[in-house]
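Subject: Structure for you to look through

Dear colleague,

Please take your time with each part.

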Amino acid sequence: MENKNASSNKPAIIALTVVIAAIIILGILLYPMVAERLSPAEDKSQTENTNETKPADTKNEDTTEKTDPNAAPDFSVYDMNGNKTTLSEKKGKPVVINFFATWCPPCVGELPHFEEMYKKYGDKVEFMIVDLTDGYDETKEKVESFIDKNGYTFPVYLDSDIKAVVAYKISSIPLTVFVDEDGKIAASKVGAMDAETLEGYIKKLIEE
């Protein structure tokens, strides 16, 4: 009797096995289709994130393009009373910037010419006589003594933060930079100048 029942159950077992196998095969076939449907959502998200960064990149490029290569680099220095001033504050009027130090013989040699030009053109041109004050070889006290001893009246500024040195990448002094009323570099001269040469630069700066 038991063998007869087992034989009668074989068709049912076979049928169940076939159904299970069919389900497995169907799942394998359908999985790639389901996975493919999920991919575009992920790709779309990545595309949207990329697009969101474009406005910032474009803005940076525009800013770079608008930078004037002839613009005089701005910097901050201090007057002898400790008041902070910047080159940009002088915009609207031509500026003569002379970088010097009291330990520099060529610098010291040309300063009388700057005093002469300051007295002659000080109403038309801003003068910024900038001392490279490092606090060691060159100190505020040393500069004050030097100015008083020579009786100079032109405006003297201290580059105690080294902002001017960095802005103009100064490696040699004296250096004189001539800036027009629009804040653009009109000319620059490395080395000492005599009065005639300095006045020639100043006249050209005023005429422009």
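Below I go through what was found, part by part.

Please keep in mind from the start that this is a predicted model.

Helix packing

Two packed helices are described by the angle between their axes and the distance between the axes. Here helix α2, which covers residues 105-121, packs with helix α5, which covers residues 195-207, at an angle of about 35 degrees and with the axes 10 Å apart. The crossing of this pair, α2 and α5, is right-handed. On the α2 side the contact is made by His113, Phe114, Glu116, Met117, Lys120 and Tyr121, while α5 brings Ala195, Leu198, Glu199, Ile202, Lys203 and Ile206. Sorted by class, the residues in the contact of α2 with α5 are 7 nonpolar, 1 polar and 4 charged.

Empty space

Rolling a probe the size of a water molecule over the atoms shows where empty space is left. With a threshold of 30 Å³ or more, the count comes to 1 cavity, and the largest cavity has a volume of about 40 Å³. Which residues line the largest cavity? They are Phe178, Ala186, Ala187, Tyr201, Lys204, Leu205 and Glu208. Both β7 (185-190) and α5 supply at least two residues of this lining, and α5 gives the most, with 3 residues. By class, the lining of the largest cavity holds 5 nonpolar and 2 charged residues, and no polar ones.

The largest pocket, in turn, holds about 190 Å³ of space. It is lined by 16 residues, and the closest to its centre are Ala72, Ser88, Lys91, Asp182 and Gly183. The lining of the largest pocket divides into 9 charged, 5 nonpolar and 2 polar residues.

The disulfide

How many disulfides does the structure hold? The structure holds 1 disulfide, which joins Cys104 to Cys107 with a distance of 2.4 Å from S to S. The torsion about the S-S bond of Cys104 and Cys107 is about 75 degrees, and therefore the disulfide is right-handed.

Backbone details

Most residues other than glycine have a negative phi, and most peptide bonds are trans. With that in mind, please look at the bond that joins Ile173 and Pro174, which is a cis peptide bond with omega of about 5 degrees. Pro174 lies in the loop between α4 (163-168) and β6 (175-179). Please also look at Ile162, a residue other than glycine whose phi is positive, near 60 degrees; Ile162 lies in the loop between β5 (156-158) and α4.

With best wishes

Methods: Residues are numbered from 1 along each chain as its sequence is written. This is a predicted model: local features need pLDDT of at least 70, side-chain atom pairs count only at pLDDT 80 or more; totals for chains, interfaces and linings use all residues. Side-chain values use heavy atoms; hydrogens and water are left out. Axes are lines fitted to C-alpha atoms, for helices over the stretch in contact, and angles run from 0 to 180 degrees between N-to-C directions. Helices (H or I, at least four residues) and strands (E, at least two) are DSSP runs, numbered from the N terminus. A crossing is left-handed if the near helix is turned anticlockwise from the far one by less than a right angle, and right-handed if clockwise. Contact means heavy atoms within 4.5 Å. Ala, Val, Leu, Ile, Met, Phe, Trp, Tyr, Cys and Pro count as nonpolar, Asp, Glu, Lys and Arg as charged, and the others, Gly among them, as polar. On a 1 Å grid over the protein atoms alone, a cavity is a set of points where a 1.4 Å probe fits but cannot get out, and a pocket is an open set with protein on both sides within 12 Å along at least five of seven lines; lining residues have an atom within 4 Å of a point. Grid points are joined across faces, edges and corners, and a volume is the space filled by probe spheres set on the points. A disulfide is a pair of cysteine sulfur atoms within 2.5 Å.
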